[in-house]
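Subject: Structure handover and notes

Hello,

Here is the structure for your files. My notes on it follow below the entry.

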Amino acid sequence: MKSGPKTRAMFMRAKESMPCGVTSNFRYWGDDRTLVVKKGEGAYIWDQDDNRYIDYRLGFGPVILGHAYKEVIDRVADGLKMGNTFAMTNELEINVAEKIRKMTGVDMVRYANSGTEATMGAIRVARAWTGREKILKFEGAYHGFHDYSLWNTYPPIPGTGYRRSPVLIPQGSGIPAGISQYIFSVPFNDKELLKKKVKENWGDLAAIIVEPLLGNQASIMPRDGFMDFIREICSEHEIVMIMDEVKTGFRIAPGGAQEYFNVKADLVTYAKSLGNGFPVAAICGKKEIMGEIGPGKIPHGGTYAGNVASMAAADAVLDMIAAGALDKVNAHGSKLKTGWKKILDKAGVPHVIQGPPSMPGIVFTDKGCLEYRDWAESNHDLYEKVIQKLFTKGIMPDCDSREPWFISASHSDEDADYCLGAFGEAVNEICG
Ligand SMILES: Cc1ncc(COP(=O)(O)O)c(C=O)c1O
């Protein structure tokens, strides 16, 4: 879908001052398609030409309650009366940490401003704790844009080699080649390959960092027992298990993936849904490890970490989630999942619908989808065609088939009905 005249004019203005006219490479969809938002409210966003879309991107996931959500905005406005940044602990930080502990079962919390910062910090903590330097990540997993994690996030297939011994590929230029000596990458959901890699290298391995479901690969789910297996193998070899809950935390359950899969990690990273769009993140985990962060031991800092605006937002979000906000999110997502399946079955389109109702993914494939390579071989062209049709009907999931659909507590039952109607039309127009 091409953008309207006002949107395009504003985008061209943006391009004069900002590379590709955006603040993140993932936001650039091409000169004639990249949107410039005018406003968001609840489940909806508007572009500069006043086209309204039901928003299923939600800023790549964080907006769990809805855009400009009153309780959050009011709490932030109220909090800011005291000022924002002090380089001192404020009471809101303590309140939020207590709520996070209660909801997730972690012992201690250190704040950061983004998911990238949180995973970077967690990796450092794991290295310091174990005295080892290497980390193991899974193919297709995204842990932010720091140099230690941008390996095999979205590698070309073929090009990454044989799945038993994948070649390490950086996401792009500017990532030092030498970093590759600190990384192992194995396919998701393969216990045998994971076990082999750990057995051969455990003495060097500080951490296994895992997205508990591949929230950056259409929500590929772990096989039954895969998270338990990672837990066991980490405990056996004193490797730190880092669960990267940047996307799943405070979204798939109040206690995130630890609650959903009933597995306790050593360190957990949170971001997105914690702030409903405000820049807040956290490195959390067991006291014996987190308690070692401190002067002269494990470095961690950040001028803006724990700032009042972000803490006030998190304080409101956690109250809303504790009061049951995720029930609405899950009901909407379940309705979409059931409806999509009916439509695609009727149209005879091979597909997999996966992931929790709060962040479901659709993959057009006639095989299963258990790892990145399965997603890579799926029909992305068809996916993009369907999504482009949906854009013209006022519905906006991400057109990148790696992104799940994100649901907020502001998405209504009527939105779900409208969305399913439009999805059915789009599939029929393309495949009928
Ligand atoms: C699982 C995961 N970890 C880390 C990040 C990085 O978070 P941020 O974009 O806030 O730096 C993301 C972002 O999408 C993510 O999905």
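Which residue forms a salt bridge with Asp74, and how far apart are the closest N and O atoms? The partner is Lys70, and the distance is 2.4 Å. Please keep in mind that this is a predicted model. Asp74 and Lys70 both belong to helix α2, and because they are 4 residues apart there, about one helical turn separates them. An α-helix has 3.6 residues a turn, so residues three or four places apart point the same way. Asp74 is partly exposed at 37% relative accessibility, whereas Lys70, at 56%, counts as exposed.

Other salt bridges

The search of the whole structure gave 29 salt bridges. One of them joins the side chains of Glu384 and Arg33, with 3.3 Å from N to O. Glu384 is part of helix α12 (residues 380-392), while Arg33 sits in the loop between α1 (5-17) and β1 (37-41), so this pair ties together parts that lie 351 residues apart in sequence. Both ends count as partly exposed: Glu384 has a relative accessibility of 29%, and Arg33 has 23%.

A further salt bridge is made by the side chains of Lys199 and Glu236, at 3.4 Å from N to O. Here too distant parts of the chain are linked, since Lys199 belongs to helix α5 and Glu236 to helix α6, 37 residues apart. Lys199 is partly exposed, with a relative accessible area of 42%; Glu236 is exposed, at 52%.

There is also a network of salt bridges, which links Arg75, Lys99, Asp315 and Asp319.

Helix α6

Helix α6 covers residues 226-237, 12 residues in total. From first C-alpha to last it reaches 17 Å, close to the 16 Å expected at 1.5 Å a residue. Its buried residues are Phe226, Met227, Phe229, Ile230, Arg231, Ile233, Cys234 and His237.

His351

His351 lies in the loop between α10 (325-347) and β11 (352-354). Is His351 buried or exposed? Its relative accessible area is 16%, and because the cut-off for buried is under 20%, His351 counts as buried. A polar atom of the His351 side chain lies 2.8 Å from the backbone oxygen of Val349. Apart from neighbours within four places in sequence, His351 is in contact with Lys341, Leu344, Asp345, Val363, Phe364 and Thr365.

Surface patch

Met82, Phe86 and Met88 make a nonpolar surface patch of about 340 Å². Of these, Phe86 is placed in the loop between α2 (70-79) and α3 (91-104), and it is partly exposed at 38% relative accessibility.

Regards

Conventions
Residues are numbered from 1 along each chain as its sequence is written. This is a predicted model: local features need pLDDT of at least 70, side-chain atom pairs count only at pLDDT 80 or more; totals for chains, interfaces and linings use all residues. Side-chain values use heavy atoms; hydrogens and water are left out. Helices (H or I, at least four residues) and strands (E, at least two) are DSSP runs, numbered from the N terminus. The expected span of a helix is 1.5 Å times one less than its number of residues. Buried means under 20% relative accessible area, exposed over 50%, partly exposed in between (1.4 Å probe, protein chains only). Patches are made of residues with over 30% relative accessible area and no salt bridge: like charges are joined within 9 Å, nonpolar side chains (Val, Leu, Ile, Met, Phe, Trp, Tyr) within 5 Å. Accessible areas come from the Shrake-Rupley method with a 1.4 Å probe; for residues, only the protein chains shown count as cover. A salt bridge is a side-chain nitrogen of Lys or Arg within 4 Å of a carboxyl oxygen of Asp or Glu. A polar contact is a pair of N or O atoms within 3.5 Å; within protein, one must be able to donate a hydrogen and the other to accept it, and residues adjacent in sequence count only if both atoms are side-chain atoms. Contact means heavy atoms within 4.5 Å.
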